[in-house]
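Here is a colleague's note for someone opening this entry for the first time. Please keep the sequence and the structure side by side while reading.

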Amino acid sequence: FAVANIDYPLAPETPLRDIVVHVRAALHFILREADALGVDASHMHVAGHSAGGHLAAYMAADPLAPPLASAHILSGVVDLEALFPIPMGRVLGLQSVEQASALSPIHMRPRAGTRIAVAVGGDESDEFKRQSIEIARLWGAPAPLVVAGANHFSLLDGLVGGELLAQAKSLCGI
């Protein structure tokens, strides 16, 4: 397999709606250059944590993004309406509740054929757990993997081994 670590501009200098455009463009680049890069673009998988989880979920549902085989949403911020009334909403460049809703994957549906898996740390906030449970339910994915003893920052340690790595490998068919 091949891995592309997509870099994108960050808020507050770049509003979230533009960050989404950058990530979509990066996926289209991989699709367009697949032969030159030596990758099979018909088996593209995305994964992301926290804000990256939002982007992975958004790309799984975005009709303008290339088709994806799967999306692994790790403690994703998928309901931006929860952020709009607090300072983080301004940091992300959210200008209205309607815009927050439109950029919230929780109000979208994954494209047909895209497999979805969700994970969250057992020691994370109730809001991260709620959003993880809700997107899995709405998207018809299995219940989120709750990694015992993991917080928002230590969750990714589980990709080194254990049940989170097993979930990722299973999602990708490895």
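The points below go from the sheet to single residues, then to the cores and some backbone details.

1. Ground rules. This is a predicted model, in which local features need pLDDT of at least 70 and side-chain atom pairs count only at pLDDT 80 or more, while totals for chains, interfaces and linings use all residues. Residues are numbered from 1 along each chain as its sequence is written, and side-chain values use heavy atoms, with hydrogens and water left out.

2. The sheet. Start with the strands. Four of them form an open, parallel sheet in the order E1-E2-E3-E4. Its edge strands are E1 (45-49) and E4, each pairing on one side only. Neighbouring strands are turned by 15° against each other on average, direction ignored. Those angles are taken between N-to-C directions, from 0 to 180 degrees, with axes fitted as lines to C-alpha atoms and, for helices, over the stretch in contact. Strands (E, at least two residues) and helices (H or I, at least four) are DSSP runs, numbered from the N terminus. Two strands pair if DSSP finds at least two bridges between them.

3. Strand by strand. E1 and E2 run parallel and are joined by 5 bridges. Alanine 47 stands opposite histidine 72 in E2. Another 5 bridges join E2 (residues 70-74) to E3, again parallel. Here serine 70 stands opposite arginine 115 in E3. E3 and E4 (residues 145-147) pair in the parallel sense over 3 bridges. In that pairing, glycine 121 stands opposite valine 147 in E4.

4. Crossovers. How does the chain get from E3 to E4? It passes through helix H6 (residues 126-138), in a right-handed β-α-β crossover. E1, H3 and E2 also make a right-handed β-α-β unit. Right-handed means that, with the strands pointing away from the viewer, the path from the first strand over the helix to the second runs clockwise.

5. Strand E3 and arginine 115. E3 (residues 115-121) is mostly covered, with 6 of its 7 residues buried. Buried means under 20% relative accessible area, exposed means over 50%, and partly exposed lies in between (1.4 Å probe, protein chains only). Arginine 115 sits in this strand. Its relative accessible area is 39%, so it counts as partly exposed. The arginine 115 side chain reaches the backbone oxygen of leucine 171 at 2.7 Å. That is a polar contact: a pair of N or O atoms within 3.5 Å, where within protein one must be able to donate a hydrogen and the other to accept it, and residues adjacent in sequence count only if both atoms are side-chain atoms.

6. Glutamine 131. This residue lies in helix H6. Is it buried or exposed? Glutamine 131 is buried, because its relative accessibility is 4%. Its side chain reaches the backbone nitrogen of valine 78 at 2.8 Å. A polar contact of 2.8 Å also joins the side chains of glutamine 131 and glutamate 127.

7. The cores. A nonpolar core is a set of buried Ala, Val, Leu, Ile, Met, Phe, Trp, Tyr and Cys residues joined through side-chain atoms within 4.5 Å. The largest one has 35 residues; Met59, Ile73, Leu80, Leu103, Ile116, Ile135 and Trp139 touch the most other members. H1 (16-32), H3 (51-61), E2, E3 and H6 each supply at least two residues of this core. H3 gives the largest share, 7 residues. Apart from it lies another core, of 7 residues, including Leu74, Ala119, Leu145 and Leu155.

8. Tryptophan 139. Leaving out residues up to four places away in sequence, its contacts (heavy atoms within 4.5 Å) include Ala57, Ile73, Pro105, Met108 and Ile116.

9. Backbone details. Most residues other than glycine have a negative phi, and most peptide bonds are trans. Serine 50 has a positive phi of about 60°. It lies in the loop between E1 and H3. Serine 75 has a positive phi too, near 50°. Its place is the loop between E2 and helix H4 (87-91). Serine 75 is buried, with a relative accessible area of 0%. The peptide bond from alanine 11 to proline 12 is cis, with omega near 10°. Proline 12 lies in the segment before H1.
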